[in-house]
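Me: I would like a close look at a single part of this model, with the terms spelled out as they come up.

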Amino acid sequence: MATPWIKICGLTCVPDLHLALDLGARYVGCIWVPTSPRCVSLPRARELAGAAGDRLVLVVRNLPLPELGDLLAVLRPGVIQLHGEEPPDLARDLRAAHPEVVLWKALGVSPRAGDPTAETARLLALARAYEAAGVHGLLLDTQGSTGSGGTGQTGDWQVAAQLARSLEVPLILAGGLCPENVENAARQVQPAGLDLSSGVESSPGKKSHERLEALFTAHKRLR
């Protein structure tokens with residue numbers, strides 16, 4: 001099993017960002033979604049982008065293409081993560097307009113699929129449409145009442161594992177991950193990457209140094 005890389009998302013300050021990178025995160029994420037408790041202002045997003053460079057993942061939700069273009073011009077993230085109900089056509093248009101940016105699309109998996117086979121088929125059909133639109137990766141998060149993720153709940157890892165084996169692009173696993181379960185998640189799903197936020201926090205948007213250190217200690221055991 002290849003060791004999955006780590007993304008620490010929902011960062012709101014530069015010291016936490018530096019710590020995440022120093023400990024071994026490949027990517028760090030900031031959230032540009034007004035309804036999120038981890039949403040940052042444009043000045044703070046600029047600070048984070050300046051500190052992270054192309055390792056910054058900008059998380060957005062249901063923004064029109066012109067607004068996405070404006071954000072990319074200002075922040076210049078390495079990755080943009082569409083975390084809403086953006087259709088494949090928007091992903092295709094964004095790739096055409098900004099080929100320099102890596103594009104991920106989040107898909108929402110049910111917390112506990114009643115029929116894992118049907119849930120896998122549903123997600124795989126969506127995934128194929130986004131793969132055809134040119135996305136570079138698909139992020140699987142636990143679906144809540146308001147959209148495709150950010151619930152802090154684990155999803156159905158059986159479905160995630162089946163999806164990871166079927167995709168043509170890398171799968172990033174999110175949803176309820178924490179230092180205590182990342183080893184099991186990585187071994188069961190075998191994703192390309194693991195995306196954590198609330199599982200390493202002391203409060204929304206404030207990362208716990210102890211939890212981050214525990215995470216990367218657990219991550220080393222996967223190597």
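At what angle do the axes of helix H6 and helix H7 cross?

Reply: This is a predicted model, in which local features need pLDDT of at least 70 and side-chain atom pairs count only at pLDDT 80 or more, while totals for chains, interfaces and linings use all residues. Residues are numbered from 1 along each chain as its sequence is written, and side-chain values use heavy atoms, with hydrogens and water left out.

The axes of helix H6 (residues 157–166) and helix H7 (residues 182–189) cross at roughly 45° and come within 8 Å; axes here are lines fitted to C-alpha atoms, for helices over the stretch in contact, with angles running from 0 to 180 degrees between N-to-C directions, and helices are DSSP runs (H or I, at least four residues), as strands are (E, at least two), numbered from the N terminus. H6 and H7 are therefore oblique to each other, since angles under 35 degrees count as roughly parallel, over 145 as roughly antiparallel, 65 to 115 as roughly perpendicular and the rest as oblique.

On the H6 side the contact (heavy atoms within 4.5 Å) is made by Trp157, Gln158, Ala160, Ala161 and Ala164, and on the H7 side by Asn184, Ala185, Gln188 and Val189. These residues divide into 6 nonpolar, 3 polar and no charged, where Ala, Val, Leu, Ile, Met, Phe, Trp, Tyr, Cys and Pro count as nonpolar, Asp, Glu, Lys and Arg as charged, and the others, Gly among them, as polar.
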